[in-house]
Amino acid sequence: MHKASLQVETSGRGLYEITGDLERIVAESKIDDGICVVFLRHTSASLLIQENADPSVQQDFLAFFARLVPDGDSLFTHRAEGPDDMAAHLRCALTHTSEVVPVGDGALCLGTWQGLYLFEHRIQPHRRRVEIRVFGES
Amino acid sequence: MHKASLQVETSGRGLYEITGDLERIVAESKIDDGICVVFLRHTSASLLIQENADPSVQQDFLAFFARLVPDGDSLFTHRAEGPDDMAAHLRCALTHTSEVVPVGDGALCLGTWQGLYLFEHRIQPHRRRVEIRVFGES
Amino acid sequence: MHKASLQVETSGRGLYEITGDLERIVAESKIDDGICVVFLRHTSASLLIQENADPSVQQDFLAFFARLVPDGDSLFTHRAEGPDDMAAHLRCALTHTSEVVPVGDGALCLGTWQGLYLFEHRIQPHRRRVEIRVFGES
């Protein structure tokens, strides 16, 4: 087993690709076949495996979630940290906190168009911590 | 590898924290570094890692899902067990059936504000089974 | 560790059960207790663990997602592959790309009503690749 962690400095709401960091950690692990577990230690940001080619996909993601879970929705009573607080928790719940990606031939077995992203849901910049475990055979 | 299971008696729709039970199972496993896999054996309840501090977050979760996937929606044809039956399946699909939490220093590597919850989507009380596997090094 | 992959030929939008294929792979692995990691290498199809008994559940899933994330929504700018392109990415993000199912007594520890499905979100048929890892003790 190989253990690592990442710090990601976000500059506000948006998608931040971490595929390259994860590939580096898998290479360091010397594990050829197995799994890479990715876990985000926050409740107002999340993980997303999505298309990494066309930037318009990322814009549409932001537009869709802005409509589905609006900031400052009158439904929300939890507003401790502002109008994007509860919206961020809900967007996190609708996407993912943990992902498990298979490892093969010493690399992540992602599809051609797949990238792994940290999805920041807060408007202000945040420092986010990602915890990683790689298991398998060298 | 360490294997365990939990039974959770729910008293109807709502969030039930199981973080303490999982911490106990990780301690029993004697595994210091690794992963804890959590799996819920049901299709009308789910798992959620969310903010464990302010109870208003949980109320807002219930209100949001009540609006997004209303009980007895005229769209639904599957009503075998009542108006909350299909709504429960959909709320389950939009959240999570499996979660993987890293283990470090013999404990779950959760963020400061993260708790792991069983999210009961049915109105009536149910007995729910959670299956757990802990992998890693002692 | 046991490693396998599946190819699933979809005939368009819908749910395709792969529980039987996974059970076969777990049996081949000779692993009695552990976990089965399932990963889909695509961003316009996803994984779903859902009720496997009543076919109306699957129809209601399709109807609900058609309303929640409509094809050709005027919000979408990413239309490279047609009106179902961006809708497929979003439906994928709202469901799951990876699932981890515990293994016990040499079989998947699914609940009585749980089946594992590949959820095809594109209208045209596609060839989908599922990557599998089984870990544990024989």
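**Figure 1. Chain A of this predicted model runs through the pattern β-β-α-β-β-α-α-β-β-β-β along its sequence.** That makes three helices and eight strands in chain A, where helices (H or I, at least four residues) and strands (E, at least two) are DSSP runs numbered from the N terminus. With a radius of gyration of 16 Å, close to the 14 Å that the globule rule gives for 138 residues, chain A is as compact as a globular protein of that length. Here the radius is taken over C-alpha atoms, and the globule rule is 2.2 Å times the number of residues to the power 0.38. Along the principal axes, the C-alpha atoms of chain A fill a box of roughly 55 × 30 × 20 Å. Of the contacts in chain A with a separation of 6 or more, 82% join residues 24 or more positions apart; a contact means that the C-beta atoms of two residues, placed from the backbone, lie within 7 Å. A few reading notes: residues are numbered from 1 along each chain as its sequence is written, while chains are lettered from A and ligands numbered from 1 in the order in which they are written. Since you are looking at a predicted model, local features need pLDDT of at least 70 and side-chain atom pairs count only at pLDDT 80 or more, whereas totals for chains, interfaces and linings use all residues.

**Figure 2. Strand β4 of chain A is mostly covered.** Seven of the seven residues of β4(A) are buried, and buried residues make up 51% of the 138 residues in chain A. A residue is called buried if 20 or more other C-beta atoms lie within 10 Å of its own, exposed if 12 or fewer, and partly exposed in between, with C-beta atoms placed from the backbone. The partner to look for is β7(A), residues 114–120, which pairs with β4(A) in the antiparallel sense over seven bridges. Strands count as paired if DSSP finds at least two bridges between them.

**Figure 3. An open sheet of five strands in chain C has the order β1-β8-β3-β5-β6.** Its pairing is antiparallel. At the edges are β1 (2–10) and β6 (107–108) of chain C, each of which pairs on one side only. Further in, β3(C), residues 33–40, and β8(C), residues 126–137, pair over eight bridges. One handy landmark there is F39(C), which has E131(C) as its bridge partner in β8(C).

**Figure 4. Q124(C) lies in the loop between β7 (114–120) and β8 of chain C.** Q124(C) is exposed, with 12 other C-beta atoms within 10 Å. Look across to S11(C): 113 residues separate it from Q124(C) in sequence, yet the C-alpha to C-alpha distance is 6.8 Å.

**Figure 5. The largest nonpolar core has 120 residues.** Such a core is a set of buried Ala, Val, Leu, Ile, Met, Phe, Trp, Tyr and Cys residues joined through C-beta atoms within 7 Å. The residues with the most contacts inside this core are C36(A), V38(A), C36(B), V38(B), C36(C) and V38(C). Zooming in on V38(B), and leaving out residues up to four places away in sequence, its contacts include L22(B), L47(B), V101(B), L116(B), V130(B) and I132(B). S98(B) and E99(B) are also among the residues that V38(B) touches.

**Figure 6. On one side of an interface, 29 residues of chain A are in contact with 23 residues of chain C.** The elements of chain A that give two or more residues to this side are β3 (33–40), β4 (45–51), α2 (55–68), β5 (98–104) and β8 (126–137). The largest share comes from α2(A), with seven residues. By class, this side of chain A has 14 nonpolar, eight polar and seven charged residues. In that count, Ala, Val, Leu, Ile, Met, Phe, Trp, Tyr, Cys and Pro are nonpolar, Asp, Glu, Lys and Arg are charged, and the others, Gly among them, are polar. Only 10% of the interface residues of chain A are also interface residues in chain C, so the copies meet through different surfaces.

**Figure 7. A rotation of 120° with 0.0 Å of shift along its axis superposes chain B on chain A, with an RMSD of 0.0 Å.** This is the relation of a three-fold axis. In chain B, the C-alpha nearest the axis belongs to L94(B), 3.3 Å from it. The superposition is by least squares on the C-alpha atoms of residues with pLDDT of at least 70 in both copies.
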